[in-house]
Amino acid sequence: MRGFAAAIALLLIAALVDPAAAAQMRSHLQVVAHPDDDILFMNPDLAISIRSGATVTTVFLTAGESDVRPAGRYAARRQAGARAAFAAMAGAPDVWDRAGLPLPGGRQAEVQTLRDRPTVRLVFLNLPDDNDPHTAGGRHALTRLWHDAATRVEALRPDGSVLAGSSIHDRASVIDALGELYRRFAPTIVRTHDPEPDPRYQPQWGPHHNHPDHVMTARFAELAMRSAGSAHLIHYRDYNVADAPPNLPAEIVAGKREIFARYAAHDAEVSMGEPYATWLRSMRHRWPWNTNWATTGRDGEPVYVYVRGGKLLRGNGSRESVVDTGGFVPRAGSPGFAGPDTLVVQDRTGAIFLKSGPDRWQDLGSPPTDAPLGQVGPPAAVAAPGGRVLVAVRNARGGVSVRFADQAAWTDLGGTGVDDAVSVLLAGTGEAHVFATAQAGLLHWRLDGTGSRLVAPPETHHPAGSVAVARGHRAFAAFREAATGRVVVLGEHAGWSVVATAATTATPATSDPALAVLDGDIPVVAVRDGEGRIVVLGTTMAVLPGRIVGRPAFTSDGRHLVALGDDGRMHLTSLLPEGRRFSPRGLSFLLQRPQRPHRGGSVSHDLTQAFGPGWSGFPLDQRYPRTCSGVPTCVGVVGLTYRNQDYQRSLRDRHARSVPPHPEGRGIRRLEIR
């Protein structure tokens, strides 16, 4: 019998700041086309940001008036809907202060500030909506601005605006306006639409495969950041989330519906039915991060890679450096490791590049296709026997292709409707396993010396996103289930089967999982929950303080957990026992749900309140007894501490002591159980 062990120690390496300073350090800015776009397509991320106390600003490029008349009245109603929704997310009265906001060239926008939460703001540029036939030059105003530097359009003036007149904009002025807003609000995170929608979906929108205002807004937002912003940029999918399985748990969907209902009460053109109901069941990043963007270096230290500002960065928790790409521009979300010294990354054209140690980048190209190469998915890679590297990708037509780096051609494995990043894993037998999520369900190929074949699983699985893989004495795979939002873990033992599931009702998962294997055959999963925190799932559940963006990642040895914090910086969590290997016996640091009183101390309620049963599956193997002063299964939390640049503490310092308050304001006692 196999199960999940929670014999792990947690050391969160994070800056400790007072709440006011934290709000200034965490500034989140959305650049969207219409007054309901962030509510629909960027939630729950948006609501998490507001609840966390971060400074939150949304910039609406257009008035969203469409062809509804009177245009000024309808635009004003949409603004009122946005205000009502944001007030609800902030838990504050719907009372706002309105003022003009100066922009370059003597232009103005209107800024509306929530009176009881002045760190929540809405900024309206009020450019004409794509579907407004009455603007100068007719429809498609934002598209014309993007493509033609000579085009000039007049901003709309909604009813009740505090601005005395309207501004005239051209392409340069829109870029300058966004640049000024980036400088003014100094965001650490910027969210916007999808600039390159997948052409397999939404053909009714013509060549853009999305609302043209969404696409142009994303392009303007990204272009303005090149000269005026250093924030982490996240693109979100829009209407085509309807072409993928829903990926939010029911509890999160209910919250999104309540927020959108506040908006819809002011906008007679929308409803709580379809297609809005489908859009509300999902939130998807356009380029979610790969499953293998963290690893363990040859020196045993954690290593991670990611893209920021068009540059490939490599870090270890204490320092980061730029990796020279030799001229190509890496795509966000695409970097990953095939080994401690082997990097794989994709450029913005879809081409795959591989680098081993000090060697130069090797251009692996892309699987041949008639479809746009820009739609090739991010690469997954694994080191195979003999030093060979196997790379797998979703190809542009929606199937899966693989290639050994020392071969000249890609091999098409087949498959259709693959929507997320693929994963590749080398089993102890030497076989490679490739996993992909498709509209029809989980696809799984096994590759050995005789070729490849599609594995028919004993039961059909429908993941909501990409599949995390890890290997100890045997191989494991983990994913979120589309229908329920629960985490499912498969294990390899004479075939693949479910070894555990986690129904995280108390803290529903809002990211795809990270997966590690401890002590050879004990998998542990980490996800982001509905408040943006990291949840580590084993036989019990541990919730770490602080908030992250996207999915976390384990290093390959399972000793570290890495995530992008909502302050725009990388944060490292160390899972370190006192010995050199993980063993459920004799750990100096242990997380486990208390079942009997502990003889010689008590466990802080601040921590134990975050724990719950969570996991259902096979029970823990009885060869791993837990004892504490003779009392089985007694320890609550040991060794949770923090450090920043001015506060360093050895993980192996075994004396009980107090540590500074964590960012949520509660002190934590570090307990020593002998």
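Angles between axes under 35 degrees count as roughly parallel, over 145 as roughly antiparallel, 65 to 115 as roughly perpendicular and the rest as oblique. The model shown is predicted, so that local features need pLDDT of at least 70 and side-chain atom pairs count only at pLDDT 80 or more, while totals for chains, interfaces and linings use all residues. Residues are numbered from 1 along each chain as its sequence is written, and side-chain values use heavy atoms, with hydrogens and water left out.

**View A. Crossing of helices α4 and α8.** The axes of helix α4 (residues 71–90) and α8 come within 7 Å and cross at roughly 150°; α4 and α8 are therefore roughly antiparallel to each other. Helices (H or I, at least four residues) are DSSP runs numbered from the N terminus; axes are lines fitted to C-alpha atoms, for helices over the stretch in contact, with angles from 0 to 180 degrees between N-to-C directions. In α4, R78, G81, A82, A84, A85, A88 and M89 meet I259, R262 and Y263 of α8 (contact: heavy atoms within 4.5 Å).

**View B. The aromatic pair W146 and F220.** The whole structure holds 15 aromatic pairs (rings of Phe, Tyr and Trp, the last by its six-membered ring, with centres within 6.5 Å; planes under 30 degrees apart are stacked, over 60 edge-to-face, the rest tilted). W146 and F220 form an edge-to-face pair, at 5.0 Å centre to centre and 85° between the planes. Because W146 belongs to helix α5 (residues 141–147) and F220 to helix α7 (residues 212–228), the pair ties together parts 74 residues apart in sequence. W146 is buried at a relative accessible area of 16%, and F220 is buried at 0% (buried: under 20% relative accessible area; exposed: over 50%; partly exposed: in between; 1.4 Å probe, protein chains only).

**View C. The stacked pair F260 and Y276.** With ring centres 5.5 Å apart and planes at 25°, F260 and Y276 are stacked. F260 lies in helix α8 (residues 250–264) and Y276 in helix α9 (residues 276–279), so this pair ties together parts 16 residues apart in sequence. Both F260 and Y276 are buried. One aromatic cluster is formed by F41, W205, Y239, F260, Y263, Y276 and W279.

**View D. Surroundings of V215.** V215 is placed in helix α7 and is buried, at 0% relative accessibility. The C-alpha atoms of V215 and E196 are separated by 7.1 Å, although these residues are 19 residues apart along the chain. Leaving aside residues up to four places away in sequence, V215 touches D194, P195, P197, H208 and N210.

Note on methods: Helix = DSSP H or I, 4+ residues; strand = E, 2+ residues; numbered from the N terminus.
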